Amino acid sequence: MHSETPIVDAVIRSRKAVRVFLPDTVSRGAIVDILDVARSAPSNSNTQPWHVHVLSGSVKQRLSAALARAHMDDNHPPLQHFPDPLPVACQPRQEEFGARYYGALGIDKTDTAARSRASGRNFDFFGAPVGMIFTIDACLKKYSWLDYGLFLQTVMIAARARGLDTCAQVSFARYHGVIADHLELAPGHDVVCGMSLGYADESSMINRLAIPRESVDRFARFAGFDEHA
Ligand SMILES: Cc1cc2nc3c(=O)[nH]c(=O)nc-3n(C[C@H](O)[C@H](O)[C@H](O)COP(=O)(O)O)c2cc1C
């Protein structure tokens, strides 16, 4: 067994959602390296349900502009990414996140216009030099979305191990039609999420939210461990 903390632990713990990026560019080769690591993520029967659109430069700008217009027009149905109501156990965590996030932005949570402007920053990939859009064949079931989550976390950890930062962004899924047109998505493919990738601006308060997690004893129940004591 390891006597020292594994390096991977420090990389995993150092990942955080970054929402203000420096303009420093990231090369295509660096992204290929990250995706080359991420493709080793496991999937049910090795089905590998991921498809990634990696965007930079004018292509990213054009998509961002179209999404900003769609967000301003506000005539797309809201994305129901949570049930209403949220399970009671999840509610305080969501509230705590909202308090820290809008608090850092100086936005009152009842100020819907300011909140909408803040969420609009998603579509600029928070100023990151690279934006990614992840898609899946929509006929696949929730188990394949589970595979996708493993892949996404592997992308984020591989990025972090190279000094890069990310933010996974489900917000993009609301504008599936706009994205499908711009990126010529295969028919029947859904947007899973987007992701911003680049170097964090560590001077920004919004990058220092330190979103807390429950301790292990709050979400895990152990049984049968004392039988051989
Ligand atoms: C699948 C997924 C979708 C997310 N979507 C968004 C999003 O659309 N916009 C955003 O600002 N953050 C988004 N986040 C970031 C979460 O808010 C963040 O991971 C969470 O609050 C925990 O904070 P941490 O990642 O800094 O530890 C998303 C995270 C995940 C995993």
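In the ligand site, an oxygen atom of the ligand is 2.4 Å from an N or O atom in the side chain of Ser171. I count this as a polar contact, that is, a pair of N or O atoms within 3.5 Å; within protein, one must be able to donate a hydrogen and the other to accept it, and residues adjacent in sequence count only if both atoms are side-chain atoms. Please note that this is a predicted model, in which local features need pLDDT of at least 70 and side-chain atom pairs count only at pLDDT 80 or more, while totals for chains, interfaces and linings use all residues. Residues are numbered from 1 along each chain as its sequence is written, and side-chain values use heavy atoms, with hydrogens and water left out.

Two further contacts belong to this site. A polar side-chain atom of Arg15 lies 3.0 Å from an oxygen atom of the ligand, and a backbone N or O atom of Ala168 lies 3.1 Å from a nitrogen atom of the ligand.

I turn now to the sheet. Four strands form an open sheet in the order S1-S2-S4-S3, with antiparallel pairing. Strands (E, at least two residues) and helices (H or I, at least four) are DSSP runs, numbered from the N terminus, and two strands pair if DSSP finds at least two bridges between them. In general, strands of a sheet pair through backbone hydrogen bonds, either parallel or antiparallel. Here the edge strands are S1 (51–55) and S3, each pairing on one side only. S1 and S2 are joined in the antiparallel sense over five bridges, and Val52 stands opposite Phe134 in S2.

Phe123 lies in the loop between helix H5 (112–120) and strand S2 (130–137), and Tyr175 in the loop between strand S3 (165–169) and helix H7 (176–183), so the pair ties together parts 52 residues apart in sequence. Phe125 and Phe172 form a stacked pair, at 4.8 Å centre to centre and 25° between the planes. Both Phe125 and Phe172 are buried, meaning under 20% relative accessible area, where exposed is over 50% and partly exposed in between (1.4 Å probe, protein chains only).

Notes. Phe/Tyr/Trp six-rings, centres within 6.5 Å; stacked < 30°, edge-to-face > 60°.
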